[in-house]
Amino acid sequence: MTRAPRPATKVAATFILCAKPFRLSRVSLFDTHGATTDMKRFFLPCSLLTILAAPAVAQEMAATSMAEPSAEQIEFFEKKIRPALVKHCYECHSTEGDKVKGGLLLDTREGSRLGGDSGAAVVPFKPKESLLLTAIHYEDGDLEMPPKYKLDDAVIADLEEWIAMGAPDPREKQTEGKMPQLYTNTIDLEKGREHWSYQKPKKPAVPELADASWTRNAIDAFVAEGHAAKGVTPAPDADPRSLLRRLSFDLTGLPPAPEEVERFVTAYKENADSAIGETVARLLASEQYGERWGRHWLDVARYAESSGKEVNATYPHAWRYRDYVIDAFNADKPFDRFLVEQIAGDLLPAENDADRAAQLVATGFLALGTKSLNEQNSRQFRFDLVDEQIDTMTQAFLGTTAACARCHDHKFDPIPMADYYALAGIFLSSETLYGTPNGQQSRRATDLIDLPAAAKSLPGLSLGELIDLEYQRDVLNQTAEDLQSQAAEARRNGDDDAQRFVGRILATRTQIGLVESKLLDYTKDGTPRLLAMGVLESGEPFDSQILIRGEEENATDGRVPRGFLQVVKTGDEKAIPAEESGRLQLAEWMASPENPLTARVLANRVWLWLFGEGLVSSVDNFGTTGEPPSHPELLDYLAVRLVALDWSVKDLIREITASRAYRMASAFDEADYEKDPENRSLWRARPRRLDAESLRDATLVVSGQLDPARPDGSPVAKVGTGFVGRNLPESTFETESAHRSVYLPIVRGAVPESLALFDFSDPSLTSGKREITTVPSQALYLMNSPFLMSASEQFAKLLYADRGLRGADLAREAFYRAFSRPPTEAEAAEAKTFIEAFLAMAKAQGMPDAEARLLALTSFCQSLLASAEFRYLN
């Protein structure tokens, strides 16, 4: 599910740091009173304080609350809000309930906003004024809903977010009423198939242009046709240095080395097409390519190393799926095979143990999601688990929000409830194995999958460590027995306070579960067991009932045969045998060349990852509420071409990067902007900010600190089993690493600061496209974070202490490393002036020459690393 958009801007002030590509501003070393500041503290220039007038904000908010909800907001409501209201509120607050209590109706948009006897239940954009939130928080003893229990924190958080974004609500004025026990399909499938995305892509004719001099391949012909239709002129080609920087970051997430830049410039002047082709081939063959593009897929797969939600249990074995994805992209595994392995890898034949291990690990895709591990109702937990799997799978591979049909027929797309429960039957007939410790805090622990001996192994326990764990277990067991004996004795003696032992007993049992879970990861001699998260067949496949309104206690009598989405007809669907879950048949149906969605969705993702925007901007939603493609024929061409290339992502990248469209500059043209302000016709390259990982990794490269090797496992694997925020503080997981950012620990609710501040994807949700924000905390991080300050100092040492560079040579090397270009004469002169002025002031204060020079260069290097030119691709 895509994250719902944030409400209208309400920030009173925001800082924009280094708005120009690069300008080294003189830094005053004096405070406002003229006193000399601490020389070791360096402040980067910030400018442009924007003050937003309160009346304008209020008007914008009011207008937004009256506007039609966006597709993302509707999806958020259907997935998070409607099910919560149905489950927890409708019994007392709907027209079909036994009695409407407090005059409050929550089954319509108008009723929710009008409120009841106590006042307005839902006030858009104003959580503090919404009595619904007051009631569910149990803040007022006279106003507590539901009256018999408090909602889970995750449900409360969803309702808070919904109201804060304006309480978007697609429900019509009339009440929805109670659904009958006999489900009736309301979807017209034939009409639904008329939507463009449900029609099989056909290879379109390449446009014939009156002037084809601009084009390099068929892709350009489609783009040029769009230019003509909009009346825009394509931007000139990017200069070779900017183009190489773009290629390097797009394909590897790292900047080019200075020597690579000049080699490319020379080759580009001789033959641009050949230079680009050779560079792309080199980058695609590097190990760094898989780390970059694997991270793209990990966003889609909502990869994380903990369960999230109320009980945030670690996933110590999740790293295996991360490494599988990286290896798959490096090997250019055909995407149809990549898909099938993630859904049904356990059901595929394997040539050897290594392949068998990889295929089992691949099914971790289905096991990595969030889980309410303290859910008491096992049936509810199982359906919620399956819902998360359906939601992730259909968005990731099909660009379809099928999970919106859990409670009712899909409101917008041709997906009846019956189709949802046909899919649910497939996953209910499978066994999801994710581990996690058992105990009072986690009632839903499972085993893990044992891997063949060919799987990668991590360091084991020493004999002393093993004995220590066993000793802890024995002591805790004895403590639990003693506490139970004391509790029994207290009850026999009529002690009214005997209940005081219950909490201590439960806490001790939780500790026992943690220790035993760690011991289960090792054999008796301390050798680590080869374990993975994933999915296997269950012993007894079965069809699912339809749950009216998604409520597990409100099931229909009949069952829906396991199957696929009816709106998508491939013609090669395979029947699901009674003794099989249907996962393999489902995966093959999705991976079929006849499936109209799969190739389109992937081609669009590849385009997004190279251009910064998809041809379909709603990359996870190709349904009727998603955006239509800007270039329909081009999208179909790419989808058909992808299949013809045997689903090779690398080959598709080669064709796209060979196009003239990819090599355009980001030069601004006012006339073209007036015609196409959103650049949907692709008249210029889209200026793009580096994502969080590329920004951190580039900083490590430029400062000479990056360790390119893949680490063993993960910091979470080293810590092992536990509960984040309970027995494992968030600071437990090591984030100060010189390895690439893809190997940092991704714990739900505790993403490393260097990633979280710069719009890292929400690891609880499928995220095909990240949000891009500009907030003051980003500028503050670039000015004051220990990571940036340390990197700046290492950068300075690399230039001066290690290489002994001075003057023009120093500025040239610094600019090449940071920006992949030499400085202009003016920039070199300004850098020289800045450093000399800094040194003069430092010497005047008696600072030793070597220390002063290092501090001056550190300040200079920090200004480069914090500049817009370093953070953006042009």
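Author: A disulfide is a pair of cysteine sulfur atoms within 2.5 Å. This is a predicted model, in which local features need pLDDT of at least 70 and side-chain atom pairs count only at pLDDT 80 or more, while totals for chains, interfaces and linings use all residues. Residues are numbered from 1 along each chain as its sequence is written, and side-chain values use heavy atoms, with hydrogens and water left out.

Reader: How many disulfides does the count come to by this rule?

Author: The count is 0 disulfides. Cys407, for instance, is in no disulfide, since the nearest cysteine sulfur, that of Cys404, lies 9.3 Å away.

Reader: Is Cys407 buried or exposed?

Author: Buried means under 20% relative accessible area, exposed over 50%, and partly exposed in between, with a 1.4 Å probe and protein chains only. Cys407 has a relative accessible area of 8% and is therefore buried, and Cys861, at 0%, is buried as well.

Reader: Which residues does Leu368 touch, not counting residues up to four places away in sequence?

Author: Contact means heavy atoms within 4.5 Å. With that sequence exclusion, Leu368 touches Arg302, Tyr303, Ala304, Tyr315, Ala318, Tyr321, Met533 and Arg748. Leu368 is buried, because its relative accessible area is 0%. From C-alpha to C-alpha, Leu368 and Gly534 are 8.2 Å apart in space, although 166 residues separate them in sequence.

Reader: Where is Ser863 found?

Author: Helices are DSSP runs (H or I, at least four residues), numbered from the N terminus. Ser863 is found in helix α32, which covers residues 849–865, and with 7% relative accessibility Ser863 counts as buried. The side chain of Ser863 reaches the backbone oxygen of Phe860 at 2.5 Å.

Note on methods: Helix = DSSP H or I, 4+ residues; strand = E, 2+ residues; numbered from the N terminus. Polar contact = N/O pair within 3.5 Å; in protein donor to acceptor, adjacent residues only side chain to side chain.
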